[in-house]
Amino acid sequence: MLFKTKKFERQVSIHKKVLDSILSYCQMKHPHEGILILKGKSKQGNILIEGLVIPPFSYSGPTFAGFPHSFLPFDISYVGIVHSHPSGTANPSVTDLHNFFGLVSIIVQSPYGDDDIFAWDSNGNSIKIIII
């Protein structure tokens with residue numbers, strides 16, 4: 001084998017103030033889904049989330065949320081999206097996986113507490129979240 005590929009476990013690190021902003025936004029949008037873009041950086045499997053962006057022209061309802069990607073300005077600090085599931089389940093739907101954006105998708109389930117946030121990769125595998 002010419003090249004060795006080091007396998008590493010992904011994890012998401014999120015600042016507490018960013019988590020609080022996410023939870024507040026989800027509570028504000030309830031009973032509709034809310035959607036935000038995650039800003040940060042990724043290095044060796046660790047995705048650090050440092051900020052949020054409200055996507056331009058976003059739309060939502062009780063069972064959906066989205067935005068047209070063509071209106072996003074180019075920004076290499078976008079690492080994924082976060083959206084809420086007012087129904088109370090944090091598992092990604094098939095639609096969530098088909099509309100995956102970036103490196104990570106975070107889903108917040110109702111009632112939007114500190115323990116109601118979950119991260120997923122593009123295959124629907126769970127990613128560990130660390131609050132910093």
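F67 is buried, at 7% relative accessible area; buried means under 20%, exposed over 50%, and partly exposed in between, with a 1.4 Å probe and protein chains only. This is a predicted model, in which local features need pLDDT of at least 70 and side-chain atom pairs count only at pLDDT 80 or more, while totals for chains, interfaces and linings use all residues. Residues are numbered from 1 along each chain as its sequence is written, and side-chain values use heavy atoms, with hydrogens and water left out.

Now the aromatic pairs. There are two in the structure; rings of Phe, Tyr and Trp (its six-membered ring) pair if their centres lie within 6.5 Å, and planes under 30 degrees apart count as stacked, over 60 as edge-to-face, the rest as tilted.

F57 and F71 make a tilted pair, 4.8 Å centre to centre with 55° between the planes. F57 itself is exposed, at 58% relative accessible area. F67 pairs with F101 edge-to-face, at 5.9 Å and 80°. F101 also counts as buried, at 17%.

Next, the cores. A nonpolar core is a set of buried Ala, Val, Leu, Ile, Met, Phe, Trp, Tyr and Cys residues joined through side-chain atoms within 4.5 Å. The largest has 21 residues, and V12, I22, L38, I49, V104, I106 and V108 touch the most other members. Leaving out residues up to four places away in sequence, I106 touches V12, L38, I49, I81, V82, H83, I117, F118 and A119, where contact means heavy atoms within 4.5 Å. A second, separate core has eight residues, including F67, L72, Y78 and I81.
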